[in-house]
Amino acid sequence: MPIMQQFTAIIEREGSGYVSLCPEIDIASQGCNIEEARNNLVEALELFFETADPKEIQNRLHSEIFITRVEVNIG
């Protein structure tokens with residue numbers, strides 16, 4: 001039985017498509033729409049965990065990710 005774990009997905013528009021990023025593992029994917037970008041990221045993460053050496057997983061895994069908004073002066 002597979003173990004389920006939640007990760008962060010950041011999805012943003014880039015050109016005519018969308019880019020998705022998982023900052024905990026530093027894996028990215030893309031798609032024509034938000035749903036496709038998300039699904040492709042899930043697939044990329046699953047393939048990574050299926051094939052990566054446990055040491056590589058440990059080296060890439062960022063266990064503390066903080067997402068916040070900041071306010072800066074731009075003018």
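**Close-up views of a predicted model**

**View 1. Glu 56 and Arg 60 join their side chains in a salt bridge, with 3.5 Å from N to O.** A salt bridge here is a side-chain nitrogen of Lys or Arg within 4 Å of a carboxyl oxygen of Asp or Glu. This is a predicted model, in which local features need pLDDT of at least 70 and side-chain atom pairs count only at pLDDT 80 or more, while totals for chains, interfaces and linings use all residues. Residues are numbered from 1 along each chain as its sequence is written, and side-chain values use heavy atoms, with hydrogens and water left out. The structure holds one salt bridge. Both partners sit in helix H2 (residues 54-60), four residues apart, which is about one turn of the helix. Helices (H or I, at least four residues) and strands (E, at least two) are DSSP runs, numbered from the N terminus. Glu 56 counts as partly exposed because its relative accessibility is 35%, and Arg 60 is also partly exposed, with a relative accessible area of 26%. For these labels, buried means under 20% relative accessible area, exposed over 50%, and partly exposed in between (1.4 Å probe, protein chains only). As background, side chains of opposite charge can pair when their charged atoms come close.

**View 2. Three phenylalanines, Phe 7, Phe 48 and Phe 49, are linked into a cluster by ring pairs.** Rings of Phe, Tyr and Trp (its six-membered ring) pair if their centres lie within 6.5 Å; planes under 30 degrees apart count as stacked, over 60 as edge-to-face and the rest as tilted. The structure holds two aromatic pairs. In one of them, the ring centres of Phe 7 and Phe 49 are 5.6 Å apart and the planes stand at 25°, so this pair is stacked. Phe 7 belongs to the segment before strand S1 (10-14) and Phe 49 to helix H1, so the pair ties together parts that are 42 residues apart in sequence. Phe 7 is partly exposed at a relative accessible area of 25%, and Phe 49 is partly exposed at 33%. Phe 49 also pairs with Phe 48, this time edge-to-face, with 5.3 Å from centre to centre and 70° between the planes. Phe 48 is buried, having a relative accessible area of 8%.

**View 3. Eight residues make up the largest nonpolar core: Cys 22, Ile 25, Ile 27, Leu 41, Leu 45, Phe 48, Ala 52 and Ile 57.** Helix H1 (residues 34-51) gives the most to this core, with three residues. A nonpolar core is a set of buried Ala, Val, Leu, Ile, Met, Phe, Trp, Tyr and Cys residues joined through side-chain atoms within 4.5 Å. Stop for a moment at Leu 41: leaving out residues up to four places away in sequence, Leu 41 touches Ala 9, Ser 20, Leu 21, Cys 22, Ile 27, Ala 28 and Ser 29. Contact means heavy atoms within 4.5 Å.

**View 4. Three strands form an open sheet in the order S1-S2-S3, with antiparallel pairing.** S1 and S3 are the edge strands, each pairing on one side only. Ignoring direction, neighbouring strands of this sheet are turned by 25° against each other on average. H1 packs on the sheet, touching S1, S2 and S3, and its direction makes about 145° with that of S3. Axes are lines fitted to C-alpha atoms, for helices over the stretch in contact, and angles run from 0 to 180 degrees between N-to-C directions.

**View 5. S1 and strand S2 (residues 17-22) run antiparallel and are joined by five bridges.** Two strands pair if DSSP finds at least two bridges between them. Across this pairing, Ile 11 stands opposite Ser 20 in S2, and Glu 12 stands opposite Val 19 in S2. The hairpin of S1 and S2 has two residues between the strands, and Gly 15 there takes a positive phi near 65°.

**View 6. Ala 28 has its place in strand S3 (residues 27-31).** Not counting residues up to four places away in sequence, Ala 28 touches Ser 20, Leu 21 and Leu 41.
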